[in-house]
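Trainee: Could you take a close look at one part for me, the place where the two chains meet? I'd like the cut-offs spelled out as you go.

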Amino acid sequence: MKEAAHLIRVAALFVTALLVFLLVRQKVMPATFGQYGHFRGSALEEIRARPIAFAGRPTCEMCHDDQLKVLKTSKHANIGCEACHGPQAKHADDTAAAKPILPDTKLLCARCHEANAAKPPKFPQVLSKDHSGGEACNSCHQPHSPKIG
Amino acid sequence: MEVTRRHLLLLLTPAAAAFLDHRNGVSAAAPESKYKLADHYWGMIVDIAKCIGCGNCVRACSQENAVPSGYFRTWVERYSVPDYPEEHPIVESPNGGMEGFPNTEHKNTKNFFVPKLCNHCEHSPCVQVCPVGATFETPDGLVLVDKTYCLGCRYCVQACPYGCRYIDPHKEVVDKCTLCYHRISQGLTTACCETCPTGARLLVDLKNPKDPVHEILRTNAVQVLKPHMATGSKVYYKSLDQSVR
């Protein structure tokens, strides 16, 4: 058995190295690493924790039912409120702290309705120069119900 | 001889303890919130025939996610495809399409808009090349970045066949579309879908049997971008022209 002693010494060395590796690994590796795969599991919750900027149409509808009534019967019925009014999560949290500013219709309406060859042909388009001559769109059209007459 | 064996046994005990402790550490991870990863598998449907190139999605994305100016997590391209298939299509995207598009007329072309974003690939090339495990595919079907792990080495930026990644100029780490993970995990839709006036974009949950996605995929000719790369893209395009890459 005496001649096996050197083998046992090598085995002991390996086991010690493994132990050191395991201890270092445990210290260095985040607790949630490997929870869902080869990445830090808690990163998901960190990404989810970001605050929202757009409140979403159902939140707007909770208070603005008068506008909703008009909108629902119009061509614009399916457009989200914040598509035109911009991000309003802060306003939804505290209506006094963040007052939404009404968008400039000359800019806003043209973004969708200015004629462009790449737009679907059935989509209503105008050349604003010929159509209104620089007049604000809402001097004739009501954006929540744009049809005249 | 006796002593050596005893040493070995003595060493094995703390080793086993360390191993068990480590395993406990993993299973005792932070408890999941109400959102269940296993119940969802996210994707998006983009209808080319509905896109009017207004740039609402690009602006909303940049406001929702504080995207640095000049960089885009989603953008819109205007394709002008010549009648002769030998010629390349003309693709324009001034400032990502954020402020809409000029009505440039290219002779004898078919024109349309193509909104683009991260395809949240099932077999993502960007995940495969990350040397530190900072970018990954989640069980609910997203490709995300752990910014505390990212070295900013740019391998993934080159690997993405769709050009969806950029290096955040302030933090010097990679950034990309998260499919508004912070919104969809609380039952909202993404910022781009929320603000799309024509419904050209639709967030879909492939694991929800009631989601309209199943009907749409069954009854429409749907394509993904660069299908020959077998990335398992989950952004499905309706009425996509074959010239789009």
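Mentor: Let's start with a pair: A:Arg111 makes a salt bridge with B:Glu99, and their closest N and O atoms sit 3.1 Å apart. The rule here asks for a side-chain nitrogen of Lys or Arg within 4 Å of a carboxyl oxygen of Asp or Glu, and it finds two such bridges across the interface of chain A and chain B. Keep in mind that this is a predicted model, where local features need pLDDT of at least 70, side-chain atom pairs count only at pLDDT 80 or more, and totals for chains, interfaces and linings use all residues. Side-chain values use heavy atoms, with hydrogens and water left out, residues are numbered from 1 along each chain as its sequence is written, and chains are lettered from A and ligands numbered from 1 in the order in which they are written.

Polar contacts across the interface come to 13 residue pairs, both partners at pLDDT 80 or more (N or O atoms within 3.5 Å, one able to donate a hydrogen and the other to accept it; residues adjacent in sequence count only if both atoms are side-chain atoms). On the chain A side, the elements giving two or more residues are α1 (5–28), α2 (42–48), α5 (81–85) and α7 (105–113) (helices are DSSP runs of H or I, at least four residues, numbered from the N terminus). Of these, α1(A) gives the most, with eight residues. By class, that side of chain A splits into 29 nonpolar, eight polar and nine charged residues (Asp, Glu, Lys and Arg are charged; Ala, Val, Leu, Ile, Met, Phe, Trp, Tyr, Cys and Pro are nonpolar; the others, Gly among them, are polar).

As for the whole contact (heavy atoms within 4.5 Å), 46 residues come from chain A and 62 residues from chain B. Together the chains bury about 4600 Å², 64% of it on carbon and sulfur atoms; that's the accessible area, with a 1.4 Å probe, lost on putting the two parts together, summed over both. A:Arg111 turns up again here: with A:Arg48 and A:Phe54 it supplies 15% of the area chain A buries against chain B, more than any other three residues.
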